[in-house]
Amino acid sequence: MDATHSDTRTHASARPVLEGPDIARMLTRIAHEIVERAKGADDVVLLGIPTRGVFLARRLAAKLEEITGRAIPVGSLDITMYRDDLRLGPARTLGRTEIPADGIEGRLVLLVDDVLFSGRTIRAALDALGDIGRPRAVQLAVLVDRGHRELPIRADYVGKNLPTSLREAVKVQLTEEDGRDAVLLGLRPAPSRSGSDGDAPAVERTAPADGR
């Protein structure tokens with residue numbers, strides 16, 4: 001998920017529901033599940049969705065290498081121009097798409113993101129992936145699944161299922177970007193009643209501040 005999920009709209013009273021050691025254990029467990037389900041992860045390619053999904057993908061690749069003894073290709077997949085909410089908000093900064101040298105053709109591509117929410121980001125990622133190549137299969141790993149899906153999309157690997165209300169915000173912090181590892185849960189501030197904020201609820205329904 002990109003930075004839109006972890007901006008200043010997350011309420012100041014957000015409380016940690018996961019800390020660094022919890023996140024490390026989850027990634028270790030997911031890595032072992034990948035090896036088991038992918039029968040050794042011989043043809044796995046990890047693609048993280050910017051921003052924090054990229055850091056998680058790199059961490060998973062390192063853990064997979066520890067388990068298998070082989071370097072696992074890892075890259076990033078920017079989905080900015082494939083989003084269905086571009087017209088509803090300010091211009092977004094483009095991320096980076098970096099595909100490993102051997103490509104994705106005929107490989108098992110594992111998309112990695114921090115929070116799974118509506119499912120719209122993953123739909124965009126699938127569209128972006130289709131313009132790059134044709135993997136033999138695509139799977140999804142997320143650190144947190146907070147529910148409230150708007151599309152028929154589910155993760156194959158989940159660090160933690162975190163029941164939430166639509167008034168709550170989930171913020172993932174990672175050392176590479178935020179200086180610490182944590183998952184925070186707080187209340188989203190109510191939209192302003194004045195001026196240009198009148199469209200805020202519609203934007204939030206399509207592109208919530210803390211998930212996709």
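# Close-up views of a predicted chain

**View 1. Helix 1, residues 20-37, contains 18 residues and reaches 26 Å from its first C-alpha to its last, close to the 26 Å expected at 1.5 Å a residue.** Helices (H or I, at least four residues) and strands (E, at least two) are DSSP runs numbered from the N terminus, and the expected span of a helix is 1.5 Å times one less than its number of residues. The model is predicted, with local features needing pLDDT of at least 70 and side-chain atom pairs counting only at pLDDT 80 or more, while totals for chains, interfaces and linings use all residues. Residues are numbered from 1 along each chain as its sequence is written, and side-chain values use heavy atoms, with hydrogens and water left out. Within helix 1, the buried residues (under 20% relative accessible area, against over 50% for exposed and in between for partly exposed, with a 1.4 Å probe and protein chains only) include Ile23, Met26, Leu27, Ile30, Ala31, Ile34 and Val35. An α-helix has 3.6 residues a turn, so residues three or four places apart point the same way. After helix 1 comes Lys39, with a positive phi near 55°.

**View 2. Helix 2, residues 52-68, is shown with its buried residues and the glycine that follows the helix.** The end C-alpha atoms of this helix of 17 residues are 24 Å apart, which agrees with the 24 Å it should span at 1.5 Å a residue. Just after helix 2, the phi of Gly69 is positive, at about 80°.

**View 3. The largest nonpolar core of the chain has 33 residues.** Such a core is a set of buried Ala, Val, Leu, Ile, Met, Phe, Trp, Tyr and Cys residues joined through side-chain atoms within 4.5 Å. Val44, Leu46, Leu60, Leu110, Leu143, Val144 and Val183 are the members that touch the most other members. At least two residues of this core come from each of helix 1, strand 2 (44-48), helix 2, strand 4 (108-116), strand 5 (137-145), strand 7 (168-173) and strand 8 (182-187). Helix 1 gives the most, with seven residues. Leu60, apart from its neighbours within four places in sequence, is in contact (heavy atoms within 4.5 Å) with Leu27, Ile30, Ala31, Leu46, Val112 and Ala141. Another core, of 19 residues, lies apart from this one and has Val45, Ile122, Val142 and Ile153 among its members. In soluble globular proteins, nonpolar side chains tend to be buried together.

**View 4. Asp43, in the loop between helix 1 and strand 2, is paired with Arg136 through a polar contact.** The relative accessible area of Asp43 is 19%, and Asp43 is therefore classed as buried. The two side chains make their polar contact at 2.6 Å; the term denotes a pair of N or O atoms within 3.5 Å where, within protein, one must be able to donate a hydrogen and the other to accept it, and where residues adjacent in sequence count only if both atoms are side-chain atoms. Leaving aside neighbours within four places in sequence, Asp43 is also in contact with Gly106, Arg107 and Leu108.

**View 5. Ser76, in strand 3, is shown with the segment that includes Arg96 and Thr97.** Ser76 counts as buried, because its relative accessibility is 5%. A polar atom of its side chain lies 2.8 Å from the backbone oxygen of Arg96. The C-alpha atoms of Ser76 and Thr97 are 5.0 Å apart in space, although these residues are 21 apart in sequence. Beyond neighbours within four places in sequence, the contacts of Ser76 include Leu47, Gly48, Val54, Glu98 and Ile99.

**View 6. Leu94 occupies the loop between strand 3 (74-76) and strand 4.** With a relative accessible area of 55%, Leu94 is exposed. Leu94 touches Asp78, Thr80 and Met81, not counting residues up to four places away in sequence, and its C-alpha is 7.2 Å from that of Asp78, 16 residues away in sequence.

**View 7. Leu184, in strand 8, is shown with Pro16.** Leu184 is buried, at a relative accessible area of 10%.
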